[in-house]
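Biologist: I would like to go through the charged pairs here. Please take them one at a time.

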Amino acid sequence: MAQSLLSILEQLEAREDELRKEMESLRERNRELEEENADLRSKEAEALKVRDKALLDVEYLSVSHRLAESPDSLVDTRRIIAGLIRNIDRCIAMLKE
């Protein structure tokens, strides 16, 4: 037998309610995923900063080991470089005057 219009309408309303609930659930899940994505992006940015700092440290250590062959000469070399930097800073200050 053919379904009455009222029963078809009831089925459509029930399906509409199901779809509405599913859509709200999907919207909530989307919000959660967007928050998680933003959190992961900030963690990625922080991890990249840490990585870049570590790479810079490696570069400095590599240069410092090339400058001096032993720990004693390394300390002396660092002192000389620090003195040169101080002299450069003084020269820059004098140029500004």
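**Salt bridges in a predicted model**

Modeller: E18 and R15 are three residues apart in helix α1 (residues 5–67), and that separates them by about one helical turn. Bear in mind that the model is predicted.

Biologist: What is the distance between the closest N and O atoms of E18 and R15?

Modeller: E18 is partly exposed, with 46% relative accessibility. R15 is partly exposed as well, its relative accessible area being 43%. The two form a salt bridge, and their closest N and O atoms are separated by 3.2 Å.

Biologist: Which residue forms a salt bridge with D39?

Modeller: D39 is partly exposed at 37% relative accessibility. With the closest N and O atoms 3.4 Å apart, the partner of D39 is K43.

Biologist: Which residues are linked with E16 in a network of salt bridges?

Modeller: Side chains of opposite charge can pair when their charged atoms come close. The network that includes E16 also holds D17 and R20.

Biologist: How many salt bridges does the count come to?

Modeller: The pairs above include E18 with R15 and D39 with K43. The count for the model comes to 10 salt bridges.

Terms used: Residues numbered from 1 in each chain as written. Predicted model: local features only at pLDDT ≥ 70, side-chain atom pairs only at ≥ 80, totals over all residues. Heavy atoms only, no water. Salt bridge = Lys/Arg side-chain N within 4 Å of Asp/Glu carboxyl O. Helix = DSSP H or I, 4+ residues; strand = E, 2+ residues; numbered from the N terminus. Buried < 20%, exposed > 50% of the residue type's maximum accessible area, 1.4 Å probe, protein only.
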